[in-house]
Structures are given as C-alpha cells and as structure tokens.
Amino acid sequence: MTTHPALDAEQQNLDRAYTLLGDDAPVDQPLVFGRIDDHSGSRYVGRQPVAAGSGNVAVVAWHDPAAGPFYETSATDLGTAQLKRILTVSGRQVIALHDEIADGSAFDVTSSQANRPMVGKVVVAALEQFRTGTIGDATATLRPEQYRIIREPAAGVLVVQGGPGTGKTVTALHRAAWLAANDEEVRAGGVLVVTPTVALRSYVANVLPCLGFDAVTADVASLYDGDASLRGRDTATETARVKGSAVMAVVLRRLVESQDGPSTPENLLRTLLGRPALLDRLADDLLKAGQQEALRREPAPSVAAEPWTVDDLVLLDELAHLLGRQAPTYRHAVVDEAQNLSPMQARAVARRCRSVTLAGDLGFSTGPGKHDSWAELTSYFAAESREATLTLGYRVPRPVVELSRRQLPDGASALTVPGSLRDGLGNPLVRRVDPDDVVPVALSAADAAAGTGFKVGVVVAAHRYDATMRYCSASGLKVGDGRDGDLGLPVTLLPADMTNGLEFDAVALVAPDEIADGTELGRRRLYVAMTRCTQSLAIFHSEPMPAGLEHLDRKPSPAREPEVEHRPKPAATDDLFELFNLLRDDDRMLVEVMIRRLLRDSLERND
C-alpha cells in the first residue's frame, strides 16, 4: 500500500482552513476539494471562501474567477498549471489525493484507447460513488466544456444540450449558482428553477444547498398559484398535446373577450371544456373537430373536485394573465428537461423571466409534443439565443448506452447518444419470469441491491404504478413514492413518464413492453428510463421484448435443482466463472456490486 507523500501536509492545510473559518465551516460538505498551482501562485478551491488575514485568501470559492484555472486546465490543455490536485475529504479528514497534473505534465489520467477521451482518474472515481440525492462531487469534477458554459453571461437564452449522462442538469444549476455569485442583477432579482415533474423538483431542491445559493423551485404545474391544484392526468396523449399547443392562447383570449362580467380562471376553463358549442364557436378556425372532442370534459360538482391536470393548470395560468393577474418575476430561470415544454408551458415560464437557461435533449422528448428545433421554444423568451453542446457522456455506463441506442428512431442525430466514459457494472441484467412474478422479483432485486448501499429506481409503466404501490404496502416493502417526489428512501418507485432528469445507482426496469407500448412516444420514454442508472441496469419481463430489445428475448429459465452437492467441487478459476454464471441475475448483480466496492476501496487505500 502506498500513501501520497503530500497527504500529511494537505491535512495540515485543511485543518488550518477549518480553524480560520470557525463556526461558519460547512457541516455536510467538504470545505476544500481542489488545489491549483500556476504562474499566479498556489490556491485551494472549495465551496466557500476562507480569508487568511492581511488580505490573503486560504481558499477561493469555486465560483470565484480566481478558481478558473482549476477547471480550465486538463490533461490535454495544461495551460500554465504546474499542479492540479483533487482532495478526497471525508468529514474533515483528507483520505486521498489525486494529481491530474504534476510538475507541469499530465499525470493521473486515463488513456485515450478506443477513441475514449483523456480524463482525470478522479473524475471516474467520483462517478463510481453511490448516489446520495445531492450534487456530491460534481463541483469538484466539472469538465472544461462544462465550466465554459457555466460562465456564459446571463443575457438572452442559453440552450445547454446533450445526450443522457452528459451533465446537463449539473451544468445548468452550476450556471445559475455562478450567475447568482457574479452577476449583481441576478443576485438581486432572484433565480427560478423549473422542472417538468414533482420528482425532479424534489431532486433539484435537494442539490441546490450544495451550490451555496437560494432559488425558487417549481414544477410546471405549481407555477399557477390560484385555487385549483393538481388532481388528475390527461391519459390521452392527444388531449395533452392540444392543451399545450400555441393556438390555445388565441382560444383563451377569445374566451376572456367573450365574457360580459367578472369571472375566475377556474370557472372560465370549466365552462370552455364543458360546453361544446362554446368551444366550437371560439375555436372553429383553429381546432379540428377531433381536437375539440379531445378537450371536452364534463364539469365536476365543484372547482375543488375538478380533476385538474398539469396542462389544465398551465391554461389557468394563461387565463389569470389575461384577467390581469401579475405573475412573480425573476432575473434568471433554469428549465430542466426543457425539450418537454409545450408552447403554453413556455409562455408560462416566459411571463416570469426572459433570461433563461434551457437544458435538454430534443432527440428524446417524453412530452406529448415534439419540437424540431430549439428555436420553436426560445422564441417565447428572447430574441437572442445561443446553443452549447455537451459531448461526453460520463454518467451512464457504456453497455447501457449501447443497449438504449436501439430505441433511437432512424436518422436520429449523434447528439442523442454521446460516447460514454465508463463501463459501470457491465452489461445489463435481463430476467424473464412468470407474469405474476415480474413485479415481486424486480422489487426483491431492488431491495437486495439497496442493501449494498445503492440508490435504486424501480420503473414501471404509468398504468401499473398504483397497483405496484399497493403491492409494496401490502408486502411491507418500504419504497419512495416517486410520483409524489419522495426520493429519500433507498428504493424509489417511479412511473416511466416521470423519470426525466433523475439518476440512481441502479435501475430495475419492469415490463419494458408496457412502457414502449408500440409507439414512438413509448420508445422515447423507455430510452429515458433505461438511461437513469450510473452503475447497473436490470430488466425484468414476462412478455416478449419490445422493438430494439428483441435480441434479449429468452424463455423463462427452468427451475434449478436445489441439491448443489451433486455438482463437482470447483477447483480452478474457470470453475468459479462457471459458478458465477449459474447465479440468478439478481444474485449476480449483488456479487458484481460487492466486487466493484472492494476494487474501489482498494484503489482509494493505494492512493
């Protein structure tokens, strides 16, 4: 076992920084995570500044321009750096040092074999850590391409695009934190972060404290602050698509203009949806008969009992605006998974802010509509817009990327499937079981994986969600209700249409044929669900696999004999490999997890 020769000295420097900061030292996050030595001298980089007295600085905050060289230098672009060091800190103890640049040369880096980019080993090491529900080590391991985007000025619209696992959310949130620290107008005017779902809003709300700034978080439905609240969902794709279309702004304006007396947004929309003759009169030249039919809904006994959907609430927000209500405004907004915004949702965000960071991937929208270009969305915010592309996939394992790309439509752009830096735990596990066992087996495997320290997401088709939650309750299984944003437990259950932007160590995918549903939208949702893991993907099914996954189809495995004493006793490594292949898939996943943890711990000790 070897110890980095500078470990003791760096521990002393960290102790000094904590002493200088006193009671203001962070509790849950390491104070320091990096060091850069260049022509400007030596300085440490951390989450907040630490003054050393006499005008000197012991630690510069990550968003201070003085920290720039730490992020801008890399194995392929050394600049003037003599040393770039990442400190792995647990509590207040320095447990490992990684020198990506030492003595002015690239030192601790991966090779560029097989067209893989040259990246610091510490980046890979950080990615092997288990998910905690927070940004974790992302601030310490921002790549130069991310840092350049983060420092873009606030004006206009910046689109941060890239395929799964390229770090769009991390980059967009860090940009908001950077602007809040370095742009006085943004700091004074506030930041709004908008997500498409409650689940992603919960995730974002948990990571913001790690970045050291405050922001208002909202899912699309919660932007409206009137009497109505989310109670239902549009099960028909066409209904949601029509409600989100731009022509609805014209229909609603005509609706308001047709009223003789005062009214509320809720009563106006209930009237519009419940009176076919009125809808036809206002939208005859805008909506076809089938589209009008998709909108019709009998009013509930009261406003409170109305099954308001996400897109209903967006329409109510538009009506409130037309009736003269003022929405709160912000100096900058971040919209995650922005490719899912409908035109009406984009209008709702634009009423609150015109300076926006849109993060997303047009190739795989899981909303009812699909945009051909970002211009279709950016035009709602500001005349000035620009796009920045993240090209390196560093969160989703390579075997999962290769499998998920089979869900791509013909002619899809290369942007949608970026190259991946890592292998994770290897090839996805696939298990075919009897129909009655598909949910119990998947949940059992998820619970076992969670027992090793993994954060696990169990993904089912939306129509199966309620029944699965009831099964968990009846069986005494503790799972987080992902549909309501509960991501705090080791195992979280999620409907396939609410997985955008989330990530877990492992994903257990249940009945992919039900998620794909034989439609393009279903295949996009399946693709997104498959790419939510950072370590391992397991697929459990009872029916034939959907298009793109047919090669994984196999009949249920026959029951194995319980009498293991009749098998030859293993006597060599090859026999161990054969035994490994005899394991059930969920048991094999556990063995792989434990091996990976042992290897990781061994590497940390050797460093």
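How many bridges pair strand 11 (residues 332-335) with strand 12 (residues 356-360), and in which sense? The two strands pair in the parallel sense over 3 bridges. This is a predicted model, in which local features need pLDDT of at least 70, side-chain atom pairs count only at pLDDT 80 or more, and totals for chains, interfaces and linings use all residues. Residues are numbered from 1 along each chain as its sequence is written, and side-chain values use heavy atoms, with hydrogens and water left out.

**Overall make-up**

- The protein has 22 helices and 21 strands. Helices (H or I, at least four residues) and strands (E, at least two) are DSSP runs, numbered from the N terminus.
- Of the 607 residues, 54% are buried. Buried means under 20% relative accessible area, exposed over 50%, and partly exposed in between (1.4 Å probe, protein chains only).
- Among contacts with a separation of 6 or more, 72% join residues 24 or more positions apart. Contact means heavy atoms within 4.5 Å.

- Two strands pair if DSSP finds at least two bridges between them.
- Axes are lines fitted to C-alpha atoms, for helices over the stretch in contact; angles run from 0 to 180 degrees between N-to-C directions.
- Val 334 stands opposite Thr 357 in strand 12.

- Another 6 strands form an open sheet in the order 16-21-20-17-19-18, and the pairing is parallel.
- Strand 16 (429-432) and strand 18 (480-481) stand at the edges with a single partner strand each, so one side of each is left without a neighbour in the sheet.
- Helix 18 (residues 465-475) packs on the sheet and touches strand 17 (456-460), strand 18 and strand 19 (491-495). The direction of helix 18 makes about 155 degrees with that of strand 19.
- Strand 20 (residues 504-510) and strand 21 (residues 533-541) run parallel and are joined by 6 bridges. Leu 509 has Ile 539 in strand 21 as its bridge partner.
- Strand 17 also pairs with strand 20 in the parallel sense, over 4 bridges. Val 456 has Ala 506 in strand 20 as its bridge partner.
- Strand 20 is mostly covered, with 7 of its 7 residues buried.

**Helix 10 and its neighbours**

- Helix 10 is mostly covered: 8 of its 10 residues are buried. Among the buried residues are Glu 266 and Arg 270.
- The buried residues of helix 10 pack against helix 9 (247-257), helix 11 (276-283), helix 12 (289-295) and helix 13.
- Helix 10 (residues 265-274) packs with helix 13 (residues 310-322) at an angle of about 120 degrees, their axes 9 Å apart. That makes helix 10 oblique to helix 13. Angles under 35 degrees count as roughly parallel, over 145 as roughly antiparallel, 65 to 115 as roughly perpendicular and the rest as oblique.
- The crossing of helix 10 and helix 13 is right-handed. A crossing is left-handed if the near helix is turned anticlockwise from the far one by less than a right angle, and right-handed if clockwise.
- Pro 265, Glu 266, Leu 268, Leu 269 and Leu 273 of helix 10 meet Asp 312, Leu 315, Leu 316, Leu 319 and Ala 320 of helix 13. The residues of this contact divide into 8 nonpolar, no polar and 2 charged. Ala, Val, Leu, Ile, Met, Phe, Trp, Tyr, Cys and Pro count as nonpolar; Asp, Glu, Lys and Arg count as charged; the others, Gly among them, count as polar.
- Helix 10 and helix 11 pack at an angle of about 95 degrees, with axes 5 Å apart. The two are therefore roughly perpendicular to each other.
- Thr 271, Leu 272 and Gly 274 of helix 10 make this contact with Pro 276, Leu 278, Leu 279 and Leu 282 of helix 11. The residues divide into 5 nonpolar, 2 polar and no charged.

**Around Pro 153**

- Pro 153 sits in the loop between helix 4 (144-150) and strand 8 (157-161).
- Not counting residues up to four places away in sequence, Pro 153 touches Arg 175, Leu 179 and Arg 386.
- Pro 153 and Leu 179 are 26 residues apart in sequence and 7.7 Å apart in space, C-alpha to C-alpha.
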